[in-house]
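This briefing covers the packing of helices, a sheet and the nonpolar cores, with the points grouped by topic.

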Amino acid sequence: MAKKQQRAASRRSPSTVKKPNTKPGSKWALPKPLATRQTYLRCPTSLFKFKDTTHLGKSHDIISQDRAVGAINMGLGIRKPGYNIYVAGIQGTGKTSVIRSFLEKWSSDSPKPSDWIYVYDFEDTETPKAISMPAGEGRKFKKRMDALVKQLRELVPNALQSEDYENAVNAYVSASNERKAKLYADLERLAKSMDFIIKSTRMGIETIPVVDGRSLTEKEYGKLGDTDREVIEDKRSQLEPEVLDFARKVRAIEQETSGFVESLRSDLGLQLVARELDPICEEYKDHALIAAHLQAVKAHILENLLDFVDSEEGEGEGSHHAMPEERDPHVKYKVNVFVDNTNVQGAPVIIESNPTYYNLFGRIEKNVEHGMYLTDFTMIKAGAIHRANGGYLVLNAMDIFKTQSIWDTLKRALKNRLGFIEDMGEQYSLLPTSGLRPVPIPLDVKVILIGNDEIYHILHDGDEDFHKIFKIKADFDHRMPRDAETVNAYAGFIATRTQVEHLLPFNAEGIAAVVEFGSRLVEDQRYLSTQFAEIKDLSIESDYVARGEGAKEVTRGHVEKALNLKFHRVNLVEQQLLDMVRHEDVLLSVDGERIGQVNGLAVYDLGDYSFGKIGRITCSISSADKGVLNIERASKLSGKIHDKGIHILSGFLNALLAKEHDLGLAASVCFEQSYGLIDGDSATVAELVAILSALSNTPVRQSVAMTGSLNQFGDVQPIGGVNEKIEGYFKTCRLIGKSGRNDVLIPVQNVPNLMLHGDVRAAIDSGKFRIFPITSINDAFELATGVPLGFTGMQQDSYPAKSALEAIHKRLEDLRERRQAERSKAKGSSKASSSKAKAT
């Protein structure tokens, strides 16, 4: 069996405690059992002015959440730093739906935010520049720049291969070649006159000596005598300055030619680029950042005009290992539309259902080629916080804590109001890495965080920055008053679901049954649940039942059957425990009488289902002077609230029975056959009745079960789970009971919480099952035993005749007298022994 936690009760908001209905010293009037009508508040169909939901239209009104609505309006209306909104409330109260409807209204009345683009920074290549543009202009600018690059890739090669350009280049190059040839011929003549010939090589100009009309080789030159070599070297030294002068003049001609060709190409490029780029510059001349970027683009294109000439020879093996800018030299002129608000109507509303780090804060994508990660500024992608810039971002509080560092990064972004884009891996890297560092964009975003109260208080108490950046809390109530207005709001909600979900119409009785289920959810006849997710599910399941029976509309019977099917799906553990009771694996008794044994009531909470169960509470009395002993606590199976309840009843007993003397007894209290943690104080009344029964030797009727908290003055206080407890007891009585009548005692404050199932109400009608509302320990004890307790107040000095307290008082007095006599006898024996010893 799955591990469960048993709780005696969940604490409720304190109600006004009703005082005993008599004064001390007067006769105590026992409460009367509740009538059936007090255990279930039906919804009268007279509240509805329609026959079925087909006569109602769709309704998207926010039902009874005025406090939360006011907070949301304030949070959305204040556009100042820190006024983000935390929406708190239990699951299913429509928080997300309400936020969505609010944001649709607020966003439609808000201006459309700007686009954001990233462009190449020609001065700092690792830091792409972020530029803001009016909505829709980013996409338009990207198209203009893409068209520019495409045009230049066509125009530049054509212009450089045109006949006029080639003729001009060839003519100048030919003239330059002629000038170099003339210089070379003049140098040859001079060298010949000095018995040398010249030879042009890759290393420069070589001078080779000539003897007898024939040029010498290296070997032949080496065989010459010293005198001949000196003569040759003397002539060579005279020729060398002329060779150097020739080389200098040739270089000058080549530089002049290269300069001419570059100038010609630049003039041609300037004409082409100006013709294509100047209209774009003119269009964006009023946008300073775009205009500056276009001038940088123009200068870079003119410096690298040959990049627009395709070179198939250069696309070899090595090009695969080049950087992105080298593989595509035109990427520098592209535009990355980071945030595109072209199609946004009003302010953007982003509901991020999967807030991973990169989905929320953006990323820099990378391609893997030949084992290398390659990226460029066009691969910077926006996250939800960037797309929501100028609008609203909705996040689930639980989701953002599932991934490490999301909360810290979100806080930093909201505090600095900057949208950083970082690689999460770099935050945990030991070694710094080089890469793109995009300039963060300024943020103006309203964040709405949806969660529960527990997360809110954890963040508020444990994070000093939380209250600075989430200054507005919108608290959704889980219930609303049950009146004609809210009942009809339920009807409107069901009518809307029937149209949206294409369900069968609900008649008035069917809606009334759903309304009654709404009161059962909050366990209060005076309120209705605002967990509309539960109401929607019930309407869908009721439609399924009705269609299965071939009905044309959903009735009360279909709703009740759908609820029974739902309980049957999830009550396996409860059924297994009842089987254990039937097989007497769990020892319980709902008939007969027994001293010191009381049927207490507890609740098993399995998350999706809660049910009540009888717990046999027993008490044994011994003469040990230890007061009340909590066996659960000694076994470390008692929760703190249960411990508190034991201390309270101990204080009550001591104040009542041990004003002048110690109690002089030990009362051991135990939940029999309980092997899990027990918490809550709703068993305090039952535990005190068990102790008083054991002290007074008064038998307790086992056909009675009870629940209730207690204060130190004997007043009964309200508890939680009263419906589950009563129904759990009823099922046990129906299973093993033989007396034909069983009673259950509950705090009088819990009467408005009763919304009992039909089979329990039928048993109440027949007189086989009774519910008594109690206000004091007097009520509980006398109803359980038939003997008056005799408690009239904490200051009483005497006890009524034939009352349990009188019997307890006599027992304690007798015990004290016997102990006093035993101590006197022991003291006398001790003195006699001492005298005898002295005489000896």
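**Helix pair, sheet and cores**

In this predicted model, helix H4 (residues 163–193) and helix H6 (residues 226–283) have axes that come within 10 Å and cross at roughly 180°. Because angles over 145 degrees count as roughly antiparallel, H4 is roughly antiparallel to H6.

**The contact of H4 with H6**
- The residues of this contact divide into 19 nonpolar, 2 polar and 7 charged.

**The sheet and the helices on it**
- Three strands form an open sheet in the order S5-S6-S7, with antiparallel pairing, and its edge strands, S5 (196–201) and S7 (214–215), each pair on one side only.
- S5 and strand S6 (residues 204–211) are paired in the antiparallel sense over 6 bridges, and Ser 200 has Ile 205 in S6 as its bridge partner.
- H4 packs on the sheet, where it touches S5 and S6, and its direction makes about 145° with that of S5.
- H6 also lies across S5 and S6, running at about 150° to S6.

**The nonpolar cores**
- The largest nonpolar core has 48 residues, of which Leu 657, Val 685, Val 689, Ile 691, Met 706 and Ile 777 touch the most other members.
- Elements that each supply at least two residues of this core include strand S23 (610–622), helix H22 (640–657), helix H23 (684–696) and helix H27 (804–839), while the largest share, 9 residues, comes from H23.
- Leaving aside neighbours within four places in sequence, Val 689 is in contact with Val 598, Val 700, Met 706, Ile 777, Ala 780, Phe 781 and Ala 784.
- A second, separate core of 41 residues includes Ala 88, Ala 130, Phe 361 and Ile 385.

Notes. Residues numbered from 1 in each chain as written. Predicted model: local features only at pLDDT ≥ 70, side-chain atom pairs only at ≥ 80, totals over all residues. Heavy atoms only, no water. Core = buried A, V, L, I, M, F, W, Y, C linked by side-chain atoms within 4.5 Å. Buried < 20%, exposed > 50% of the residue type's maximum accessible area, 1.4 Å probe, protein only. Helix = DSSP H or I, 4+ residues; strand = E, 2+ residues; numbered from the N terminus. Contact = heavy atoms within 4.5 Å. Axes fitted to C-alpha atoms, helices over the stretch in contact; angles between N-to-C directions. Parallel < 35°, antiparallel > 145°, perpendicular 65-115°, else oblique. Nonpolar A, V, L, I, M, F, W, Y, C, P; charged D, E, K, R; others polar. Pairing = 2+ DSSP bridges.
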